Amino acid sequence: LHPPLITLTTDYGTHDHLVGAMKGVMLKILPEIQIVDICHHVLACDILDGALTIGMAYKYFPSKTIHVVVVDPGVGTPRRPILVTGDQHYFIAPDNGVLSMVFDQEEGFSVRHITSEHYFHRPMSNTFHGRDLFAPVAAWLAKNQQPLSFGEEINDPVRFTLPKPRAAEGKVRGVVLKVDNFGNLVTNIPPDMIPQVFIPDGRFRITVGGRDVPKVMLSYGDGGPNEPFGILGSAGLLEISINRGSAARTLGAQRGAEVLVELL
Amino acid sequence: LHPPLITLTTDYGTHDHLVGAMKGVMLKILPEIQIVDICHHVLACDILDGALTIGMAYKYFPSKTIHVVVVDPGVGTPRRPILVTGDQHYFIAPDNGVLSMVFDQEEGFSVRHITSEHYFHRPMSNTFHGRDLFAPVAAWLAKNQQPLSFGEEINDPVRFTLPKPRAAEGKVRGVVLKVDNFGNLVTNIPPDMIPQVFIPDGRFRITVGGRDVPKVMLSYGDGGPNEPFGILGSAGLLEISINRGSAARTLGAQRGAEVLVELL
Amino acid sequence: LHPPLITLTTDYGTHDHLVGAMKGVMLKILPEIQIVDICHHVLACDILDGALTIGMAYKYFPSKTIHVVVVDPGVGTPRRPILVTGDQHYFIAPDNGVLSMVFDQEEGFSVRHITSEHYFHRPMSNTFHGRDLFAPVAAWLAKNQQPLSFGEEINDPVRFTLPKPRAAEGKVRGVVLKVDNFGNLVTNIPPDMIPQVFIPDGRFRITVGGRDVPKVMLSYGDGGPNEPFGILGSAGLLEISINRGSAARTLGAQRGAEVLVELL
C-alpha cells in the first residue's frame with residue numbers, strides 16, 4: 001500500500017513559515033503522508049493564475065492524489081470551502097473559481113461544501129485557513145477516504161470561463177495566459193484552431209502586442225538569437241518564445257497581451 | 001512506526017546546492033527520514049527573523065519532530081552548537097539566540113552543548129556547519145533518540161528578548177516584527193493589550209510610521225481597495241493589512257516601524 | 001529496504017507547475033520514491049552553473065541515488081538524453097556537458113544513450129523533456145534498476161573543462177565560478193595551489209577585479225564590517241567573503257571576474 005499523496009498549490013510564497021505550518025498540521029494528523037509542492041508562487045490573490053497552475057499539473061499525479069489549492073483572498077468571509085471528487089483525484093480549495101480549469105477537464109465530478117468543523121484545527125484563525133481548515137481536511141481525507149463525511153453536496157460551485165480565443169475572417173485572436181520562468185508566453189490558442197501554423201509551408205502571420213513573430217519552430221534550440229518564434233508548448237497551446245532569451249522582455253508582453261494569428 | 005521527521009529552517013536560500021547537500025548528508029545516515037522545509041529564506045544572518053520563523057511554526061508539527069535551525073553568522077567561531085530537548089520537540093541550532101522564541105514557549109527544556117565529534121561529517125569545513133554538523137547530528141538523533149550522547153548539559157544558552165510592546169497612559173507602542181509575503185505587517189502587539197480594538201464600537205486610533213490605520217476588520221476580504229486596516233493575524237498578533245494589496249508598500253513601512261495604538 | 005531516492009537539479013525555477021508535473025509523473029510510476037530537490041534555480045540555460053550545482057552536491061547523497069539534471073536549452077533538438085552509471089550514483093541528463101563536473105570526480109563511469117521510448121511519457125512534448133523523458137526514465141530506473149534497458153553504451157558524451165587557474169611566476173590567476181546566496185565569491189583556486197595563503201604569516205596579495213582583498217580568515221565571523229577577505233570555502237576552494245555582507249556587491253564582482261593571487 002502506498003503512502004497517501006497530497007499536493008500543495010498556494011500563493012503563500014516561500015519566504016515565511018506558512019507552508020511549513022500547513023505541512024506540520026498535516027503530518028500531525030497522518031505522519032505517513034507524502035506531500036509534494038506543485039507551486040507556492042501563484043501570483044498573490046490571483047485566482048486565474050491559481051486555476052491555470054493546478055489545471056496544468058494535476059493530471060500527472062497518481063489517482064487518489066489529494067490536491068490542496070489555496071488562493072484565497074476571501075479567507076474568513078462567507079465563501080465556502082469545498083471538496084471536489086473528480087474522476088481520479090480529490091481537490092480541496094476555497095469556492096472562488098480556482099478549480100475552474102479542473103472542472104473543465106473532468107468527465108464527472110461532485111462538489112461538497114466542507115462544514116464538518118470537528119476536522120478543523122483549533123484554535124481557528126480568520127486569516128489562515130490553509131493551516132486551520134484546508135490542510136487538516138486534506139490529512140483527514142487521506143486518513144478516512146470518506147469525502148461524504150466532510151459536508152453536503154452542492155451543485156453551484158463558483159466557476160469562471162477562461163478567456164477563449166475568437167476566430168473570425170481568417171483571424172484568431174487570443175491572449176497571453178501566463179509568462180513562464182524562461183519568459184515564454186503561453187497563449188490560450190490550441191493548435192487545431194490554427195492548423196496552417198504547424199504544417200510545412202503553412203502561411204500565417206503572428207503578432208503579439210502589435211509586434212511581429214515571423215516564424216514557428218519545432219524546438220526552442222532552433223531559434224536564432226533574439227528571434228521570437230511560435231512553438232507548440234508543453235501545455236498543448238501556442239507559445240511565443242526566444243531561444244535562450246525571454247520573449248516577454250523582448251516583446252514587452254505580459255499576461256493579457258493580445259495574440260493575433262492571421263491565416264493567409 | 002512513523003518515519004522520523006526533521007524540519008529545516010535556514011537563511012541559505014534556494015539558489016545554491018546548500019540545502020540539497022544537507023538533505024543528502026541526512027539521508028545517507030538514515031534513509032527513511034522525512035524532511036520538511038519550513039523556510040530557507042530567513043533574512044541572511046538575521047537571528048531575530050530566524051527566531052520568529054521557527055517560533056511561529058514548530059508547534060504545528062508532531063511530537064518528537066527534530067527542528068534544525070541554521071542562521072549562523074558565527075559559523076567556525078567558538079559559538080556553541082546546541083541540542084535542545086523541549087516539551088515535545090527537539091531543536092538543533094547554533095547557540096546564538098535563534099531559539100529564543102522557542103524557549104519563550106516551552107514549559108521545560110534542557111540544552112546540551114553538542115561536542116561529540118564522531119557524529120560530524122568528515123572532512124569538516126569551517127564555513128558550512130549546516131552540512132557538516134547540524135544535519136548529521138539531526139540524522140543521528142533521529143536514529144539513536146539519545147540526546148545525552150551528543151554532549152553535556154549547559155545552563156546558559158544565549159537568549160534574547162523579543163521587542164515588547166509598552167503600554168502607558170492609554171497608549172500601546174509596538175513595532176512591526178515581520179512583513180509577510182502579501183505585505184501584511186505583523187506587529188508584536190497581542191490582542192489582550194488592546195481590547196478596545198477587537199470589540200464592536202471599540203474606540204481606538206492606530207498609526208503605523210505616522211500614518212493612520214482607521215479600521216479593524218474580521219477578514220482580509222472586508223477591506224476596501226487601498227484601505228489599510230488592523231486584523232487579528234494567524235500568529236495571534238495585531239496585523240496591519242490591505243485587501244489584495246501590500247500594507248508594507250502602501251504605508252511605506254518595514255520591519256521595525258513603530259505601531260502606535262491609542263485607546264480612546 | 002529503503003525507498004529509492006531521486007534528486008532534481010533544474011533551471012525551471014519554482015514559479016510554475018513544471019517541477020510539480022515532473023514529480024507527479026515519477027510518483028505515478030513508483031509511488032514509494034523519495035524525491036529531493038537539490039536546486040531549481042540554476043541560471044536559465046546555463047550549463048556551467050548546472051554542472052557546478054550537481055558537481056558540488058551529489059557526493060553527499062547515499063549510494064544508488066538517481067540524480068536528474070535538467071538544464072536543457074537543446075530540448076527537442078537531436079541532442080542525446082543520457083544515463084550515467086558512476087561509482088555509486090546514477091545520473092540522468094541531456095548530453096550537453098552538464099555532467100562534466102561529475103565525470104571529473106568519478107573513478108569509473110559508463111554512459112548510455114537513452115533510446116528506449118517505451119519508458120517515455122505519452123504524449124511526448126518537444127519542449128518539456130523534464131516531464132516527458134527525464135522524470136519517467138528516472139522513475140523506471142528506480143523501479144527496475146536496469147540501466148542496460150534504457151539504451152546502448154556510448155563513448156563520446158559531451159564534456160567541457162571547467163576554467164582552470166593558471167600559475168606562472170609566483171602568480172595564480174583564477175576566476176569567480178559562482179556567487180552564492182550570501183554574495184560569497186566561489187573561485188576555482190584550490191588551496192594547494194596557494195599554500196602561503198593558508199599558513200600563519202604567509203605573505204600574499206589577493207585582488208578580485210582589480211580590488212584588494214587584504215586578509216584571509218578562518219571563519220566568516222572573524223571579518224570586520226565591509227572588509228573583504230579570503231577563506232577556504234565549503235567546496236574546498238578559495239572564497240572571497242564579507243562578514244554579514246555581500247562580497248559580490250562590495251567588490252562589484254560577478255561570475256567570471258578575475259581572481260589574482262600573488263605569492264610574495
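Which side chain does A:His41 join in a polar contact of 3.4 Å? The partner is the side chain of A:Thr14; a polar contact is a pair of N or O atoms within 3.5 Å, where within protein one must be able to donate a hydrogen and the other to accept it, and residues adjacent in sequence count only if both atoms are side-chain atoms.

This is a predicted model, in which local features need pLDDT of at least 70, side-chain atom pairs count only at pLDDT 80 or more, and totals for chains, interfaces and linings use all residues. Residues are numbered from 1 along each chain as its sequence is written, chains are lettered from A and ligands numbered from 1 in the order in which they are written, and side-chain values use heavy atoms, with hydrogens and water left out.

**A:His41**
- A:His41 lies in the loop between strand S2 (34–39) and helix H2 (47–57) of chain A; helices (H or I, at least four residues) and strands (E, at least two) are DSSP runs, numbered from the N terminus.
- A:His41 counts as buried because its relative accessibility is 15%, and buried means under 20% relative accessible area (1.4 Å probe, protein chains only).
- Leaving aside residues up to four places away in sequence, A:His41 touches residues including A:Asp49, C:Thr14 and C:His15; contact means heavy atoms within 4.5 Å.

**Chain C against chain B**
- The contact involves 32 residues of chain C and 31 residues of chain B.
- Together the two chains bury about 2600 Å², 60% of it on carbon and sulfur atoms; buried area is the accessible area (1.4 Å probe) that two parts lose on being put together, summed over both.
- C:Tyr60, C:Phe182 and C:Ser234 supply 24% of the area that chain C buries against chain B, more than any other three residues.
- Between these chains there is 1 salt bridge, formed by the side chains of B:Asp16 and C:Lys178 (3.8 Å, N to O); the term means a side-chain nitrogen of Lys or Arg within 4 Å of a carboxyl oxygen of Asp or Glu.
- Chain C and chain B also have 10 residue pairs in polar contact (both at pLDDT 80 or more).
- On the side of chain C that touches chain B, S2(C) gives the most, with 5 residues.

**A sheet in chain B**
- An open sheet of 7 strands in chain B has mixed pairing and the order S2-S1-S3-S5-S4-S6-S7; two strands pair if DSSP finds at least two bridges between them.
- Strand S2 (34–39) and strand S7 (153–154) of chain B stand at the edges with a single partner strand each, so one side of each has no neighbour in the sheet.
- Strands S1 (residues 5–10) and S3 (residues 66–70) of chain B pair in the parallel sense over 5 bridges.
- B:Thr10 stands opposite B:Val70 in S3(B).

Methods. Buried < 20%, exposed > 50% of the residue type's maximum accessible area, 1.4 Å probe, protein only.
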